[in-house]
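Here's a quick tour for anyone opening this structure for the first time. Take a look, then read on.

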Amino acid sequence: MVIDHGLRRLALGTLLGALPGQVAPPWAMSLLADGLAGFTLFGRNVDSPEQLAGLTAALRAGRADVIVATDEEGGDVTRLAHRTGSPYPGNAALGVVDDPELTRAVYTAVGADLAATGVTLDLAPVVDVNTADANPVIGTRSFGASTALVTRHAAAAVTGLQEAGVSACAKHFPGHGATVTDSHLELPTVDVPVSVLRERDLPPFAAAIAAGARAVMTAHIRVPALTGNDPATFSRGALSLLRHELGFDRVIVTDALEMTGAAAAAGGVPRAAVRALAAGADLLCLGSRVDAALVEAVAAEIAVGTQDGRLALGDLERAVTRTGELASSSAASGTQRDQSLGLVAARRAVRVEGSLEDLGSPLVVQLVGAQSMVTGRVPWGLAPHLDGIEHVAVVAAAASADDLVARAGRRPIIVVGQRVHQSSADRGLIEALPAPVVLEMGWPSSWRPANGRAFVTTHGASWANGRAAAEVLGLA
């Protein structure tokens, strides 16, 4: 389809594409020159800080005001440290410490790392109030289950990131913390009155906005009282609440439009793009699987949308204006990070119940679960921190407690897991072991094994969390 050149450039100005590898291909540079807003970077794009700095410099050579975005939340979700695990604890650990100044300092350090590699927009912090223990997609990415707690740390995180010269994007509006299904796979529903959102979920967004957040990300969740049958990303009611009730006049970013819930609700990514812009979004994250054909299809659909009545041209122009302001707002501050800060913070977040005396040289058993689409294949656990301590990884459903006991002999057994309270197989294996020490590195719960010797909670599974746990257990 041939579309008007001016409309195509406007449409491209609302899109965040993605790159297939560690070097930008010619098609990406060509689209950038034609007006593409920028790119979201993923783990596959990152080999080292030096390589990433070279990639972002090449993108800026293509156009100086390119937006370079990534999901660097610290903790369990990291792109810069996807090979090793983040050197910082995530939000749940910072929340349990509950020192907003520490949160600000950690986010300033994260921002300094990003700025040094040329990233200008961090799709963080997560400011969802994680009120559902079974939430499969937020969990330790949240500061906690208390609105007041999340509110004060949301402001601190935004302040810290932007002090380092990196734009912050508070997510996932209007609040993803009460969901019990994964929005990457389906469209979750939060069936509560808007009054509950105002009291429980919206205050952290208000705090992030008051702290100067340059962007807010929408959630692919349905809140029938506010959004009807649509996800918030396509809901003019939801985004009008953000604009008018919360007074946010900067960039509204969508979560990835390729996610099943959004794409299915709209009939594909191109139509999803038009619906999001018509609802009031400005910058559209297409997702991780992006090529030239998809970008062109989306741009063409947006252009057609302005002609067939689905999208007002004025709304498209305003979106491009806001996106352009975001592109020019970030500038590296030269902030230097404290190399020890992440580990210091992670140590403060460890909680111990029971006795850790006389562990000696235990058998460490790591429970292997399914990889999250959010975190990807990021290493976690105690293995990188053990020196001469036997470590074995097992799938609980296929493991034998008798075999593990025989392997351990007279040694204690330490079981390492994430969200063990949510897996009957994990719980069953733990409860079949004699006096195990349990190390929980996921979202905490009230579950404790009756036969347990000790229960240790890190509130996250980053490299820093693992190191802090190994120290507490006397294994590092």
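Predicted model: local features only at pLDDT ≥ 70, side-chain atom pairs only at ≥ 80, totals over all residues.

Residues are numbered from 1 along each chain as its sequence is written, and side-chain values use heavy atoms, leaving out hydrogens and water.

**The sheet**
- Six strands make an open, mixed sheet, running β9-β14-β13-β12-β10-β11; strands are DSSP runs of E with at least two residues, helices runs of H or I with at least four, numbered from the N terminus.
- β9 (351–354) and β11 (391–394) sit at the edges with a single partner strand each, so one side of each has no neighbour in the sheet.
- β12 (residues 413–417) and β13 (residues 437–440) pair in parallel over four bridges; pairing takes at least two DSSP bridges between two strands.
- In that pair, Gly 417 stands opposite Glu 440 of β13.

**The helix on the sheet**
- Helix α16 (residues 401–408) packs on the sheet and touches β10 (363–367), β11 and β12, where contact means heavy atoms within 4.5 Å.

**Thr 140**
- You'll find Thr 140 in the loop between β4 (121–122) and α6 (147–163).
- Thr 140 is buried, at 8% relative accessible area (buried is under 20%, exposed over 50%, partly exposed in between, with a 1.4 Å probe and protein chains only).
- Beyond neighbours within four places in sequence, Thr 140 is in contact with several residues, including Asp 76, Trp 443 and His 459.

Technical notes
Axes fitted to C-alpha atoms, helices over the stretch in contact; angles between N-to-C directions.
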